[in-house]
Amino acid sequence: MVIRPMLNAGHEGELCEWLKQMGLLRRGLKCSNSNCKGGKMEWSKARVVDKYNWSCTACPKKVSIRDGSFFMPVKCELKVVIQAILSWCERMPVEVAANNLNLKTHIVKKVYDQCGDVASRYVLDHYHDWLLGGDGAVVVIDVYPDGYMTSTPPDKDGLKKKTQKKILCIADTSCMPARIWARIIQDQPGSPKPGVVEEAVKYVQRQVRPGSTLVANDRALCCCFDVVKELPGYPSVISVETLMELDLPGTRRIQENLETIWQSAVEVCEEVQELQKPKGSILLHEYMWRQLFATTTSSALEYMLHHIADRYQTKED
């Protein structure tokens, strides 16, 4: 309701003012010309794609209104960048968005990559937003692809060729759907406990609130049941294997419940295997960001714009 009217032709000035108010464009700028005699940079009309630029009142210095902003490296109209951000929020494939917006694919991909970077940085800077569990909550801990996240594990030989990445996944089942925290874990040669990765254990302690009931398993060696049950602050730790023994003969209730909890995470973990570690980490952060902020397309767009403004800090120079 707020943005769409400003995306129509002839509303460029209104859109720019709104972007300034949101902190997505600079509200003020000092002249950087060392020979300038104290001139003031003012917003002025110009024959450029954005219709405006910053012009100094005392010298010929001109600066793009995009200076220092999310929009600076994206070569298309501001309103189209906003539409591309909306497409990212809708999880629209790059090729489809490029076709809809009449843009080259690499431009849409640039916007998508920047949105992913913003989401990733937010998750890293606000990890407390993903604290899981608490008194009375059941938290499931597993490692892809070793544990029980899926009954059809990926082709291990195929994964080895792509340098298999182990991903620690923690799910808070008190949320519907389960809220999941995930991180790529590096093997730790020479660990005093074979297969155990101290980093993984530390992340469990950091992300899971004391008092939670933990569910772990023996397959996930880097953070297995025997290690998890020794962690202080978690009075009840149950193994998946023990739960499975309670299933009636010929049934797979526990496995099916676990697959339901992990379904969306498994899809992302499979994508991560195709990527280099930095890109894989960003994809996991984007997945976590969407759980919290993308319950609707509208909320995803609102939060992304706010997080872009916080990330680029373009309010005033």
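Student: How many cavities of 30 Å³ or more are there?

Tutor: On a 1 Å grid over the protein atoms alone, a cavity is a set of points where a 1.4 Å probe fits but cannot get out. By that rule, the count is 1 cavity of 30 Å³ or more. The model is predicted: local features need pLDDT of at least 70, side-chain atom pairs count only at pLDDT 80 or more, and totals for chains, interfaces and linings use all residues. Residues are numbered from 1 along each chain as its sequence is written, and side-chain values use heavy atoms, with hydrogens and water left out.

Student: What space lies in the largest cavity?

Tutor: About 70 Å³. Volume here is the space filled by probe spheres set on the points, which are joined across faces, edges and corners.

Student: Which residues line the largest cavity?

Tutor: Lining residues have an atom within 4 Å of a point. Here they are Glu-12, Leu-15, Cys-16, Val-49, Asp-50, Glu-77, Leu-78 and Lys-79. Helix 1 (12-21) and helix 2 (78-89) each give two or more residues. Helices are DSSP runs (H or I, at least four residues), numbered from the N terminus. Helix 1 gives the largest share, 3 residues.

Student: At what angle do helix 3 and helix 4 pack?

Tutor: Axes are lines fitted to C-alpha atoms over the stretch in contact, and angles run from 0 to 180 degrees between N-to-C directions. Helix 3 (residues 94-101) and helix 4 (residues 105-125) pack at about 120°, with axes 9 Å apart.

Student: Which residues meet?

Tutor: Contact means heavy atoms within 4.5 Å. Val-94, Ala-97 and Ala-98 of helix 3 meet Thr-105, Val-108, Lys-109 and Tyr-112 of helix 4.

Methods. On a 1 Å grid over the protein atoms alone, a cavity is a set of points where a 1.4 Å probe fits but cannot get out, and a pocket is an open set with protein on both sides within 12 Å along at least five of seven lines; lining residues have an atom within 4 Å of a point.
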